Amino acid sequence: MLEKERHVLVILPHPDDETFGAAGTIATYRSMDVPVTYVCLTLGEMGRAFGNPPFANRENLRDIRKKELFDACEAIGLTDVRLGGFRDKTIEFEEQRYLIDRMKAYIEEVNPSLLIAFYPGHSVHPDHEASARAIVHAVAELPKEQRPTLHLIAFSNDAKEQIGEPDVHRNVAHVVDAKIDALNAHASQTIWIVDWVKEGLQTDDPEVYEWLENEYFYTYDVEKEQLPTW
Amino acid sequence: MELMNREQVQQLLQSFANEPVYIHLETTSGAYAAHLQEGFFNSGAFIRNVQLTFEHAHVTPDSPHRVGLKLPHGWVYAQGITHYTVTERDELLLAGLDGEGKLAVALQVSRTPFAQ
């Protein structure tokens, strides 16, 4: 069902982006023994959620989310996790050339056949957008034969209106338990969603099953798309 | 974090007066505010590890609290403070957490720089 990849590279800005966006896909590749490398660009230290009641604070959120990240990745079989060292909510202010070069260096080093990232213009959070912009430019700058396939995550309210339905749909029902474990691992950020999921599973809420069991991506062709500007 | 204790925070803040301290001041509606509520005007500000000296601190009695620091040539203040904690590094962290427990405002004071 899922094509075997040589190597999958995931580049996303925040601990939990991988879980919300691609946990089932990653878990599936790992179950097929496909190597997956995840570059998590920040530690999400500017998150607003501290747990309720708050067990985190602005200063310890970094360490808490770092641990949550590694626990979540372990749950989905993801062992090659790298930290990008950017500060949460500042990626868009980095110099454009620097950002593209950093993304390019990851791609050249890992040499993936598939790259999962956010979709520029349709990924809502400024860090998502900035990383998305840099990544599609980095891929476009690579020689054609070195370019990985790009599967991008779009979730802006107007995404479907603007860019249509996602062309890649994955049913990940077989790895839902791992995905739920990953969600639970990100406790400081996900307690609200975890409650919704728990309740949904008890009451057989189709919306919860749809959300858990399906992941969607847009294939992005850097030759055909108008690349985003800064 | 713990719920605000006005007397204690007043004392803690005043203990940082009249010496150079590092400030973290932040207001935020979250990066998703306009995504979740169409038309929401998303604004916020962030400043971290700026050094200043204040001569006087005041925590207002009504909750959520307002907290003001008087500087030789200016002011710093935050509105909506509900929680506080002191870290192992003796940083005083004040935060305003909304009804869902999410941070809306933070004012923090430390004698040493906050982690980058």
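Which residues line the largest cavity? In this predicted model, the lining is made up of E45(A), R58(A), E59(A), R62(A), R87(A), R48(B) and A115(B). Sorted by kind, that gives one nonpolar residue, no polar ones and six charged. The space itself comes to about 40 Å³, and the count of cavities of 30 Å³ or more stops at one.

One of those lining residues, R58(A), also turns up in a link between the chains. Its side chain meets that of E26(B) in a salt bridge, with 2.7 Å from N to O. This pair counts as a salt bridge because a side-chain nitrogen of Arg lies within 4 Å of a carboxyl oxygen of Glu. Between chain B and chain A the count is three salt bridges.

The size of an interface is often given as the accessible area lost when the parts come together. Here chain B and chain A bury about 2100 Å² between them, and 54% of that sits on carbon and sulfur atoms. On the chain B side, M1(B), Y32(B) and H35(B) supply 26% of the area buried against chain A, more than any other three residues do. Counted by contacts, 27 residues of chain B touch 22 residues of chain A.

Where in chain B do the touching residues come from? At least two residues each are supplied by β2 (21-27), β3 (45-52), β7 (83-86), β8 (92-97) and β9 (103-110) of chain B. The largest share, three residues, comes from β9(B). Taken by kind, the side of chain B that touches chain A holds 10 nonpolar, 11 polar and six charged residues.

Then there are the open spaces. Rolling a probe the size of a water molecule over the atoms shows where empty space is left. The second largest pocket takes in about 330 Å³ of space. Its lining counts 19 residues, and the closest to the pocket centre are K89(A), F93(A), T28(B), G44(B) and F46(B). Two strands of chain B, β2 and β3, are the elements that give two or more residues to this lining; both strands also supply residues to the side of chain B that touches chain A. By kind, the lining of the second largest pocket splits into six nonpolar, eight polar and five charged residues.

Conventions. Residues numbered from 1 in each chain as written. Chains lettered and ligands numbered in written order. Predicted model: local features only at pLDDT ≥ 70, side-chain atom pairs only at ≥ 80, totals over all residues. Heavy atoms only, no water. Contact = heavy atoms within 4.5 Å. Buried area = accessible area lost by both parts, 1.4 Å probe. Helix = DSSP H or I, 4+ residues; strand = E, 2+ residues; numbered from the N terminus. Nonpolar A, V, L, I, M, F, W, Y, C, P; charged D, E, K, R; others polar. 1 Å grid on protein atoms, 1.4 Å probe; cavity = no way out; pocket = protein on both sides within 12 Å on 5 of 7 lines; lining within 4 Å. Points joined across faces, edges and corners; volume = space filled by probe spheres on them.
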